[in-house]
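Hi,

Here is the model I promised to pass on. Have a look at it first, and my notes follow below.

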Amino acid sequence: MQCPRDGTVLENVVVLRTILDKCHTCDGLWLDAGELERICDKHVTGVEEQLEKDFGNPVAERRPMKGFMRCPKCENARLQRIGYSYSGSKVVEIDRCESCLGLWIDKGELDAIVNAQMTKGSKPDEDEAASRLTMFIRSIGRLFG
Ligand SMILES: [Zn+2]
Ligand SMILES: [Zn+2]
């Protein structure tokens, strides 16, 4: 598969014990609909409670498209841009394939989630980052489920 943004061939990376496809040029990440489900299905105690506590109820909003990216899996399917925010905080934009329901997440978008609420100057903790990513992905899964 190729990156929808710059055409780089995507390589496998393991995130949260799931193999995802990553672009090493723009650091974007592709999640198949099935991969999203697998991550959402992993039983992690307290994640939902923590998510509610930290972010409240997620709100999704569809944005008008300016141009479009093509799905790396489905040759002619468009990726649809969706604005996603946690109760009025920073809006994160993700791209979803209308056909296979896979998700494209840009590097900056991931960082916005992983680094949200991290104290300035503190060293990013890998477990902390992973749990924020899990929460983010699971909340997206719930949004689309
Ligand atoms: Zn790329
Ligand atoms: Zn697709």
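**What I found**

The protein chain has four helices and eight strands (DSSP runs, H or I of at least four residues for helices and E of at least two for strands, numbered from the N terminus). Before you dig in: this is a predicted model, where local features need pLDDT of at least 70 and side-chain atom pairs count only at pLDDT 80 or more, while totals for chains, interfaces and linings use all residues. Residues are numbered from 1 along each chain as its sequence is written, chains are lettered from A and ligands numbered from 1 in the order in which they are written, and side-chain values use heavy atoms, with hydrogens and water left out.

Going along the sequence, the order of elements is β-β-β-α-α-β-β-β-β-β-α-α. Of the 145 residues in the protein chain, 41% are buried (under 20% relative accessible area; exposed is over 50% and partly exposed is in between, with a 1.4 Å probe and protein chains only). Among contacts (heavy atoms within 4.5 Å) with a separation of 6 or more, 50% are between residues 24 or more positions apart.

Donors here are N, O and S atoms within 2.8 Å of the metal (3.2 Å for Na, K and Ca); water is not among the atoms, so sites may look incomplete. Asp6, in the segment before strand 1 (11-15), and Cys23, in the loop between strand 2 (18-22) and strand 3 (29-31), link parts of the chain 17 residues apart. Asp6 is partly exposed at 35% relative accessibility, whereas Cys23 is buried at 0%.

The zinc ion that is ligand 2 is held by the SG atoms of Cys71, Cys74, Cys97 and Cys100, 2.3 to 2.4 Å away. Its four donor atoms subtend angles of 105 to 119°, so the arrangement is tetrahedral (four donors with all angles between 85 and 135 degrees). For reference, the ideal angle for four tetrahedral donors is 109.5 degrees. The spacing of the donors along the chain is C-x2-C-x22-C-x2-C. Cys71 sits in the loop between strand 5 (69-70) and strand 6 (78-86) and Cys97 in strand 7 (residues 91-97), so the pair ties together parts 26 residues apart in sequence. Both Cys71 and Cys97 are buried.

One last pair: Gly34, in helix 1 (residues 33-41), is 66 residues from Cys100 in sequence but 9.6 Å from Cys100 in space, C-alpha to C-alpha.

Cheers

Technical notes
Tetrahedral: all angles 85-135°; square planar, octahedral: opposite > 155°, others 65-115°.
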